[in-house]
Amino acid sequence: MSEFSESNDTSTETLDSASEGISLSDTLEGAETSNSSSEFLPDGFAIEETDDFTITDTNAPSLELPEVKEAAELRDEAIDRILEDDSTYMPPDSLARMEGRKESVSIVPYNGDGIYGTHHFENGETTIELVRGTPEMMRVTALHEHEHMASYHSEVAEKHHNSTLYTVLVGLRDKEYIVDRDGEYLVCRDFGKNLNEGITQYLTEDKLSVEDLSMARAMGVYPFATEAAASLSEILGRDAVREDFYGGSANIRNAMESLAPGTYSKFAECLDKASESPDVAARREAMQEANKILNKLAERKAAENQHMEA
């Protein structure tokens, strides 16, 4: 759902982790669809990140003018909503990126791969693709992908003789990859994908109309990670989560590391495993571990609040 793409488990099995205290449940991302028309409603899908770095030119002859206009309208609606609610959390460069509306945004046909939108950021340029679907689905997707665009961005490119090493931070996702002189990509590090996606979808759903929120829930976009993000907001406060996502702060990391060193990394890894592991038992165990961390964090926060009130 942002810069890069991962393969998705296509099961829709629901795992219950209510016994762990702070209750988080998950309908696993991805679903098979019986056809690729614009009328389908999959049981659940992921708006994913993609490793396909092909840039779509909105001025390309193959893209009809009505689709260019439709893409621009979806972009403007999403950006206006994000700026209305959360612009105060954004640094100047993010505000300029959003207000400038210079990203390449296009509408593409659904190709059956379970991906309904992509966001890619490289060399300071943003590319967003929205997969053709129902109007409600496309509004949800457009808002989600533009939340990625609104999030904190940092990019460092180190040029070497035969390649370039990129270190890219988008929201809470930290990725390092090499591009060789033939344009081939090698990922060296990819941290925080599902934590970032969960917060992205949590912020997306927080801005949706009742009708579009119903659609988002039916789509099943990163459900476990989204509920984890909602729990973090409840425990640490809505400002803390937004400051991290939009402003590049470290409230979540610092709070978790105060429990024990390495807790933040463990939590992020649990969300990745809970969302992507092909093994059901491993997914369930990861959900339980994530819940335990959230429970400890909630207990610590409650104790701190009591101490402050005393």
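Mentor: Let's start with one word: a residue is buried if its relative accessible area is under 20%, exposed if it's over 50%, and partly exposed in between (1.4 Å probe, protein chains only). The model here is predicted, so local features need pLDDT of at least 70 and side-chain atom pairs count only at pLDDT 80 or more, while totals for chains, interfaces and linings use all residues. Residues are numbered from 1 along each chain as its sequence is written, and side-chain values use heavy atoms, with hydrogens and water left out.

Trainee: What share of the 310 residues is buried?

Mentor: Buried residues make up 50% of the protein. Tyrosine 110 and tyrosine 116 are both buried, for example.

Trainee: In what order do S3, S4 and S5 sit in their sheet?

Mentor: Two strands pair if DSSP finds at least two bridges between them. Here the order is S3-S5-S4, in an open sheet with mixed pairing. Strand S3 (104-108) and strand S4 (117-122) are the edges, each pairing on one side only. Angles run from 0 to 180 degrees between N-to-C directions, using axes fitted to C-alpha atoms (for helices, over the stretch in contact). Neighbouring strands of this sheet are turned by 15° against each other on average, ignoring direction. Look at S4 and strand S5 (residues 125-131): they run antiparallel and are joined by 6 bridges. Phenylalanine 121 faces threonine 126 of S5. Helix H1 lies across S3 and S5, at about 120° to S3.

Trainee: Which strands stand at the edges of the sheet with S6 and S9 in it?

Mentor: That sheet is open too, with 4 strands in the order S6-S7-S8-S9 and antiparallel pairing. Strand S6 (153-159) and strand S9 (185-191) have a single partner strand each, so one side of each has no neighbour in the sheet. Strand S8 (residues 173-180) pairs with S9 over 6 bridges, in the antiparallel sense. Lysine 175 stands opposite aspartate 190 in S9.

Trainee: How many aromatic pairs are there?

Mentor: Rings of Phe, Tyr and Trp (its six-membered ring) pair if their centres lie within 6.5 Å; planes under 30 degrees apart count as stacked, over 60 as edge-to-face and the rest as tilted. This structure holds 6 such pairs. One of them is tyrosine 89 with tyrosine 246, stacked at 6.4 Å centre to centre with 25° between the planes. The pair ties together distant parts of the chain, 157 residues apart: tyrosine 89 is in the loop between helix H1 (65-86) and helix H2 (92-100), and tyrosine 246 is in helix H7 (residues 238-247). Tyrosine 89 is buried at 16% relative accessible area, and tyrosine 246 is buried at 0%. Tyrosine 110 and tyrosine 116 are stacked as well, at 4.7 Å and 25°. Ring pairs also join Tyr89, Phe245 and Tyr246 into a cluster.

Trainee: What covers the buried residues of H7?

Mentor: Those buried residues are Ala240, Val241, Arg242, Asp244, Phe245 and Tyr246. Their cover includes H1, H2, helix H3 (135-150), helix H4 (193-206), helix H6 (223-236) and helix H8 (251-257). After H7 comes glycine 248, with a positive phi near 80°.

Trainee: Which residues have the most contacts inside the largest nonpolar core?

Mentor: In soluble globular proteins, nonpolar side chains tend to be buried together. A nonpolar core is a set of buried Ala, Val, Leu, Ile, Met, Phe, Trp, Tyr and Cys residues joined through side-chain atoms within 4.5 Å. The largest one here has 62 residues, and Ile199, Leu232, Ile252 and Phe267 have the most contacts inside it. Contact means heavy atoms within 4.5 Å. Not counting residues up to four places away in sequence, isoleucine 199 touches Leu172, Ala229, Val241, Phe245 and Ile252.

Trainee: Is leucine 271 buried or exposed?

Mentor: Leucine 271 is buried, at 1% relative accessible area. You'll find leucine 271 in helix H9 (residues 263-276). Leaving aside neighbours within four places in sequence, leucine 271 contacts Asn194, Leu195, Phe224, Ala228 and Ala290. For contrast, alanine 72 in helix H1 counts as partly exposed at 22%.

Note on methods:
Helix = DSSP H or I, 4+ residues; strand = E, 2+ residues; numbered from the N terminus.
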